[in-house]
Amino acid sequence: MSSYTQRVLDSLKAKYPYQPEFLQAAEEILTTLQPVVEKEPKYEKYKILERMVEPERTISFRVEWVDDKGQVQVNKGYRVQFNSAIGPYKGGIRLHPTVNEGVLKFLGLEQILKNSLTGTPIGGAKGGSDFDPKGKSETEIMRFCQAFMIQLHRYIGALVDVPAGDIGTGGREIGYMYGAYKRLTTKYEGVLTGKGLNFGGSLARTEATGYGVVYFTDAMLKDRADTLKGKKCAVSGSGNVAIYCCEKLYQLGATPVTVSDSTGTIYDPNGIDVAVLKQVKEVERARLTRYAELVKTAQYTPVEQYPAGKHQVWCYPVDCAFPCATQNELNEEDAKTLLQNGCKVVAEGANMPSTLGAIKQFLDAKIAYGPAKAANAGGVATSQLEMEQNAGMTSWTFEEVDSKLHNIMTNLYKNAADTAREFGVEGNLVLGANIAGFRKVADAMIAQGVM
């Protein structure tokens with residue numbers, strides 16, 4: 001690593017030893033930026049790396065709400081507004097017990113480059129709370145979302161910061177937050193994306209991340225004179241990303257054979273029944289044990305029976321793997337198992353689901369590997385399309401949005417692949433995506449000066 005990138009990384013490790021997820025993201029990004037900062041000294045001259053790895057603003061607040069028993073509850077809320085050089089802050093709101101500032105900084109740093117790669121004018125941010133929607137009633141979730149927005153509303157806006165959904169924050173939560181924002185500000189504007197279709201939401205937004213990761217994979221394989229047709233695929237997760245990844249895989253001739261949730265993994269060599277999966281997860285909001293009850297060919301493995309140090313979902317012979325659940329769900333041992341079982345394609349639908357050790361395994365094996373900031377950018381790209389529709393007070397058809405999404409993901413792949421070739425590492429989309437996303441933001445920062 002160049003002395004500049006190493007110096008910045010060492011400084012971060014000294015300042016934030018208690019934020020391992022953030023340091024993981026920073027190391028992955030900084031190590032791949034070495035060639036471009038050596039080639040273009042202006043980035044060191046203007047201290048771009050030091051500026052980019054520190055958020056422009058971090059907002060933290062307490063969220064006070066009352067549960068159904070009349071008891072006061074207190075959660076911690078955050079918004080990390082990381083970079084606005086190319087557009088308003090854009091990134092999801094995560095509601096999960098594991099949320100803390102370090103996790104959100106890791107996600108926000110990734111978001112800067114991901115948003116840049118889409119080719120649309122949006123900056124990077126992330127937010128959330130340690131509130132857990134699971135096990136809460138509708139009214140408790142509503143009260144929390146309203147209390148969260150009471151604190152957040154003064155820092156966001158259609159041309160300032162446009163949050164979206166994330167883990168734990170679906171259409172229901174976005175609806176409650178948007179209603180609270182509108183009442184607090186008296187503004188009807190495109191300040192949140194992932195809204196309901198009857199109040200500014202976009203068709204194809206629900207499907208976008210899952211469809212997008214498959215479109216990216218399709219482009220990646222076409223560049224290698226291959227297709228998805230006939231391939232067996234492991235998919236992790238069972239939320240929106242996983243469900244619509246499975247749906248699009250079927251449409252392109254592939255067969256998803258696994259899904260998972262926090263309690264266990266489903267494997268069905270005949271293929272996942274997407275209609276049943278939607279019923280279980282979108283309608284009943286049940287665990288995958290319910291799926292196993294409804295589909296007799298499904299084999300269910302509870303978490304307690306997973307192999308030591310591994311995730312069961314990656315233990316089956318497949319051609320392609322689509323981690324679509326959460327960060328660090330695929331470790332080095334999982335990667336070795338996938339490769340030993342013949343996996344030739346990995347495309348990340350979740351945010352940084354592979355550990356650094358797993359990524360190294362994929363790059364060393366020279367398989368087709370689509371890193372998260374490129375492969376899962378379909379969701380935020382379609383969120384920006386929702387922003388466009390809101391700004392124009394119009395609504396596009398599903399086909400229009402889906403076509404635009406397909407073009408964005410195809411062009412995104414081409415940009416990352418071309419950049420990798422430019423730096424002499426053809427096929428290394430980690431380096432290609434990081435440098436392509438970085439250049440756009442860094443040059444904008446230089447052009448806008450220092451204040």
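At 38% relative accessibility, Glu333 counts as partly exposed, a term for values between buried (under 20% relative accessible area) and exposed (over 50%), computed with a 1.4 Å probe on protein chains only. The model is predicted, so local features need pLDDT of at least 70 and side-chain atom pairs count only at pLDDT 80 or more, while totals for chains, interfaces and linings use all residues. Residues are numbered from 1 along each chain as its sequence is written, and side-chain values use heavy atoms, with hydrogens and water left out.

**Salt bridges**

Glu333 forms a salt bridge with Lys336, which is partly exposed at a relative accessible area of 29%. A salt bridge here is a side-chain nitrogen of Lys or Arg within 4 Å of a carboxyl oxygen of Asp or Glu. By this rule the count comes to 29 salt bridges. Glu333 and Lys336 are 3 residues apart in helix α12 (residues 332-340), so about one helical turn separates them. Helices are DSSP runs of H or I with at least four residues, strands are runs of E with at least two, and both are numbered from the N terminus.

| Salt bridge | Closest N and O atoms |
|---|---|
| Glu333 and Lys336 | 3.5 Å |
| Lys39 and Glu422 | 3.0 Å |

Lys39 in helix α2 (residues 20-39) and Glu422 in helix α16 (residues 398-422) are 383 residues apart, and their pair links distant parts of the chain. Lys39 is partly exposed, with a relative accessible area of 49%, and Glu422 is partly exposed at 40%. Arg439 is buried, with a relative accessible area of 18%. Lys39, Glu422 and Arg439 belong to a network of salt bridges that also includes Glu40, Lys42 and Asp443.

**Nonpolar cores**

A nonpolar core is a set of buried Ala, Val, Leu, Ile, Met, Phe, Trp, Tyr and Cys residues joined through side-chain atoms within 4.5 Å. The largest has 51 residues, and Cys245 and Phe322 are among those with the most contacts inside it. Helix α8 (residues 208-222) gives the most to this core, with 9 residues. Apart from it lies another core of 41 residues, including Tyr4 and Leu113.

Contact means heavy atoms within 4.5 Å. Not counting residues up to four places away in sequence, Cys245 touches Gly210, Val213, Val214, Val235, Phe322 and Cys324.
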